[in-house]
Amino acid sequence: MIRSGVLKILSIFRHRILFPATSFLAWINGYSLAFMGSVYGVARLSTVSARNSKIIHDAHQGLLGKQLLILGTGPSASSISADYVKCFDHVILLNHAVSMVPYLLNIGFAKHQISFFCADRKRIIEVTSALKTANLPLSNSIFFPDFPYSVFFFDLSVVPALLIGGWKKWNAKYIGPFAQQGWQLSFNEIPMLKKDVKASFDRFMSGGPLRPPYIPYTVAFSCILFFSLYRPRTVRLLGCDFSGDFQVYPVNETFDLIASWLGDYGIQLCNDSRS
């Protein structure tokens with residue numbers, strides 16, 4: 001009901017008032033849309049995160065001491081083989097890698113040994129059909145949006161994934177007057193606020209409420225930290241080449257930093273995409 005009301009209000013801004021793109025009124029229009037969408041997103045996240053986090057947590061406690069594979073869709077994913085994948089106890093698929101579910105099932109994985117993780121609104125919309133076809137347990141499909149505004153743009157009831165993130169601190173910081181993405185996660189900084197993220201990660205690992213830290217640059221980083229809570233023995237990546245557009249960010253340095261953090265908890269992190 002709340003979402004319906006907000007949608008009606010925003011439809012006025014989005015469809016009925018047409019301002020010249022460079023006008024001051026267009027600037028106000030963009031900010032109003034981003035603000036109201038963000039308010040709705042934060043409210044929605046706050047109402048569902050605690051419940052969904054418990055469901056996810058209960059489903060993944062068996063990963064203690066296990067070997068995990070985080071699989072992306074970068075160039076190195078083409079080198080995947082059954083012998084390689086069978087070395088792992090659990091596979092986490094990032095974004096479009098959800099299309100690998102039939103392959104994993106064919107080589108002997110059960111659905112409860114496969115998880116899906118996404119942090120991007122556009123990506124989860126793109127893969128919704130594949131996610132429905134995969135039919136993974138709902139507890140194994142995780143959407144951790146980087147913007148609360150992301151929650152507003154589609155009906156989560158048709159996306160087979162659990163929404164988390166309501167405990168996050170949000171910055172009233174905008175990407176630009178016409179980007180209309182609203183508040184960011186407070187750790188979504190360039191460069192990353194390393195001390196803040198490390199402190200958040202240590203609190204997360206202390207066994208308190210599920211409060212996974214968010215790291216910019218690539219969904220792989222937030223996924224690594226999220227699944228570290230379950231204290232696996234090793235976490236390895238494939239299809240996470242950090243090439244192309246990623247080269248403008250310090251992704252390899254950030255990965256090595258995260259590896260050192262996990263090492264403090266006895267977790268080995270390795271990116272096989274580099275091999």
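Helices here are DSSP runs of H or I with at least four residues, strands are runs of E with at least two, and both are numbered from the N terminus. Residues are numbered from 1 along each chain as its sequence is written, and side-chain values use heavy atoms, with hydrogens and water left out. The model is predicted: local features need pLDDT of at least 70, side-chain atom pairs count only at pLDDT 80 or more, and totals for chains, interfaces and linings use all residues.

On that basis the protein chain has 10 helices and 9 strands. Of its 275 residues, 51% count as buried; buried means under 20% relative accessible area, exposed over 50%, and partly exposed in between, with a 1.4 Å probe and protein chains only. Contact means heavy atoms within 4.5 Å. Among contacts in the chain with a separation of 6 or more, 67% come from residues 24 or more positions apart.

Now the helices. Two packed helices are described by the angle between their axes and the distance between the axes. The axes are lines fitted to C-alpha atoms, for helices over the stretch in contact, and the angles run from 0 to 180 degrees between N-to-C directions. Under 35 degrees counts as roughly parallel, over 145 as roughly antiparallel, 65 to 115 as roughly perpendicular, and the rest as oblique.

Take α8, residues 194-205, and α9, residues 219-228: their axes come within 9 Å and cross at roughly 30°. The two are therefore roughly parallel to each other. On the α8 side the contact is made by Phe 201, Phe 204 and Met 205, and on the α9 side by Leu 225, Phe 226 and Ser 228. By class, that is 5 nonpolar, 1 polar and no charged residues. For the classes, Ala, Val, Leu, Ile, Met, Phe, Trp, Tyr, Cys and Pro are nonpolar, Asp, Glu, Lys and Arg are charged, and the others, Gly among them, are polar.

α9 also meets α10, residues 251-263, where the axes come within 11 Å and cross at roughly 5°. That makes α9 roughly parallel to α10. Phe 221, Ile 224, Leu 225 and Ser 228 of α9 touch Val 251, Thr 254, Phe 255, Ile 258, Trp 261 and Leu 262 of α10. This contact has 8 nonpolar, 2 polar and no charged residues.

How many residues of α9 are buried? The count is 10 of the 10, so α9 is largely enclosed by the rest of the structure.

Next, His 90, in strand β2, residues 90-94. His 90 is buried, at 3% relative accessible area. Its side chain makes a polar contact with the side chain of Ser 115, at 2.8 Å. A polar contact is a pair of N or O atoms within 3.5 Å; within protein, one must be able to donate a hydrogen and the other to accept it, and residues adjacent in sequence count only if both atoms are side-chain atoms.

Last, backbone angles. Most residues other than glycine have a negative phi, and most peptide bonds are trans. Asn 95 has a positive phi, near 50°, and lies in the loop between β2 and α4. Asn 135 has a positive phi too, near 55°, in the loop between α6 and β4. Buried or exposed? Asn 95 counts as buried at 13% relative accessibility, whereas Asn 135 is exposed at 52%.
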